[in-house]
Amino acid sequence: MSDETNTPVLEVSDLHVSVGGKEILKGLNLTVGAGETHAIMGRNGSGKSTLSAAIMGNPRYEITSGTIVYGGQDIAELAVHERARAGVFLSFQYPVALPGVSVVNFLRQAVRAVRGDDVPIKAFRPLVKENLKILDIPQTFMTRYVNDGFSGGEKKRLEMLQMLMLQPTLAILDETDSGLDIDALKVVSTAINGLRSEKRAQLVITHYQRILQYVTPDHVHVLLDGQIVKSGGPDLAHELEKHGYEWLEKDAA
Amino acid sequence: MSTDHMNVDAGPETSLRDVVTTRGGNDPAWLATARQDALSAYEASSLPDRVQHLWRYTDPQRFLPGERTPTTPDSHFGDLPADCQDATYEHVAGYALARDGRVLRSALDPLIADKKVVLTDLCTAAREHEDLVRPRLFSLLDAGGDKFEQLSAATFAGGTFFHVPRNVTIDRPFVVAHRVGGDGLIASRSLLVAGEGSEATIVFDLTSVGDDDAPLRHEGLEIHVEPGARLHVAFVQACGKRVTHAPVIRCRVERDAALETVSVALGGALVKSLQTTELVGKGSDVRVLGIVFANGRQHIDHHTLQDHVIGRNTSNLDYRTVVADRARSSYTGNLRIGLDGVGADAHQSNHNMLLSKKARADTIPELEILTNDVTCSHAAACGPIDEEMITFCQSRGISPRDARTLIVTGFLEPIVERVPGQQLRERVRSAVADRLDRVV
């Protein structure tokens, strides 16, 4: 990453992404500065998850043109794990189960991979304990297999636990709020807010403004048919709630 | 078919008869006669029919002794495995050291020996504990006479005899460490008996002396779990890559008894394993667990049968296979619920992970249900590692190679963690890790 404080954390320019030959993102532009939290809203199928997968580098998502610049560097050539090691984190909408892989083992490997150095067990344990407390997760979680037989809410809490352990520079939260009851939503929001800092940035992807009551964004963008059609402040989320996406569809047309 | 192979085997068959007579010379008369009968049955039987599932994927010819002659067991075991050095019996209840089919030495925690637990060589037991051995030995052999089972019954050099008396409960495992060498025929017979209401764990740790040793190993085991007993047995086979191994395991589980077997197959060039379990009483619980991890050109074939002769009991089978390089695994399994099997609750599952395009896994789980009112299921799957799992791990900074290792280890772990004895379990884990290091 560049040392210059005014370098944006993320700069997406004219991004076109196809999945299985079908174009989903059609020239998307987005700049996220350090210390900022951006919300991306849009209905199902608008391209929200495609954007997060493309930033993370999932090979199933093909970038046909445009660039993704992270910390001043074009990351097109970086594999998924290299992006993660550079500080990008994606909280998945549908986290994958890893049967037989315990949460504690997985976290240890992830922390070691991202830090590039083993964390002594003495330092690792209290760190886990502290984060479990923030997320209101019982200790018994640690010996369970990653996402295997987890409820929707448990999966999202585990995603947040991974985020807190990895302390990413750019955290992308893909519908982390969906399927959460109000208590879980508050816990998850606390985790996200706790990570906000001058050097970090967050991209909260959602189709409800519900989570934005707890995580106040600096900027709100509306994604429609693969492009950002409107950007604004936190008030935009409220307007959307009031008028629905159709209001913007008319505008766009 | 039988005539053909009899001609091929004409020479060595003569020497087999000599060996059977010699080995029977130290046995009580009833056992010497049983050996001769088994040899006659072996000679009279034809090779197994390859149309049947049992031998569909593996050529039985390769298990005939041919030019090989029975190996005279070496009397030297070599370095002791770590768990057999536990002089204070803190982690193990006792151990036996076996070479080439014969138990050379055994030792028990004196407190456990006081409870009349027996762990010794089968031939010794036949002389010293006729009352325990004679009524049970060979009683579970396939009446139809599995050819190779008859071969081990005729020519066995020895084997493990393990008996836990009624109502004796032992919390630590017994370990049988067995090394095989040379390139001859190594035959053994073992008999395990968990007496009524008893509880015990025994682990078989099978290795070969050197990587170049290439014996043909015919091993027969009979396991009796008497009413209300609980027995946990593990077989960890980590022989060299030139060994041919053909275990036949026959289990009989009586009412309210529990048997859990865990089989780990890592070694051998060619392995053909058969395990059958008869549930002959109500209230029993059987778990048949296994992993296979093959690479190079290994060929590993497992067949299992859980036979609910009587119902109102449960059986669960879980076999997991990982094949890499050009290795091949075949799994065929049958779940049979007999006419009196009402209320049986029986499940079997076989999952296979393919780590290369040239690796191959076959799986055929079958159900044979002769009565109503039972709960049965079977599941089988074959495929490569799910790419989404790898991407998920990568998104947490883990390299694709480390991700594959993590996923395969996790796939096997629920079975590995059922291997009793911490040292053996850790050895299995590190053997799996070593192999993964070479193949992912």
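## Where the pieces touch

In this predicted model, 19 residues of chain A are in contact with 19 residues of chain B (contact means C-beta atoms, placed from the backbone, within 7 Å). On the chain A side, helix H2 (80-85), strand S7 (98-102), helix H3 (103-115) and helix H5 (152-166) each give two or more residues. Helices (H or I, at least four residues) and strands (E, at least two) are DSSP runs numbered from the N terminus.

Chain B splits into domain 1 (71-385) and domain 2 (386-440), with bounds from an automatic or database domain assignment. Their C-alpha centres lie 24 Å apart. Here, 28 residues of domain 1 of chain B are in contact with 24 residues of domain 2 of chain B. On the domain 1 side, S13(B) gives the most, with four residues.

Here's the make-up of two of these surfaces by class:

| Chain A, touching chain B | 13 residues | five residues | one residue |

Ala, Val, Leu, Ile, Met, Phe, Trp, Tyr, Cys and Pro count as nonpolar, Asp, Glu, Lys and Arg as charged, and the others, Gly among them, as polar.

Back in chain A, H5(A) also contacts H6(A), with A:Met160 and A:Val188 among the residues involved.

A bookkeeping note: residues are numbered from 1 along each chain as its sequence is written, while chains are lettered from A and ligands numbered from 1 in the order written. Because this is a predicted model, local features need pLDDT of at least 70 and side-chain atom pairs count only at pLDDT 80 or more, while totals for chains, interfaces and linings use all residues.

Methods. Contact = placed C-beta atoms within 7 Å.
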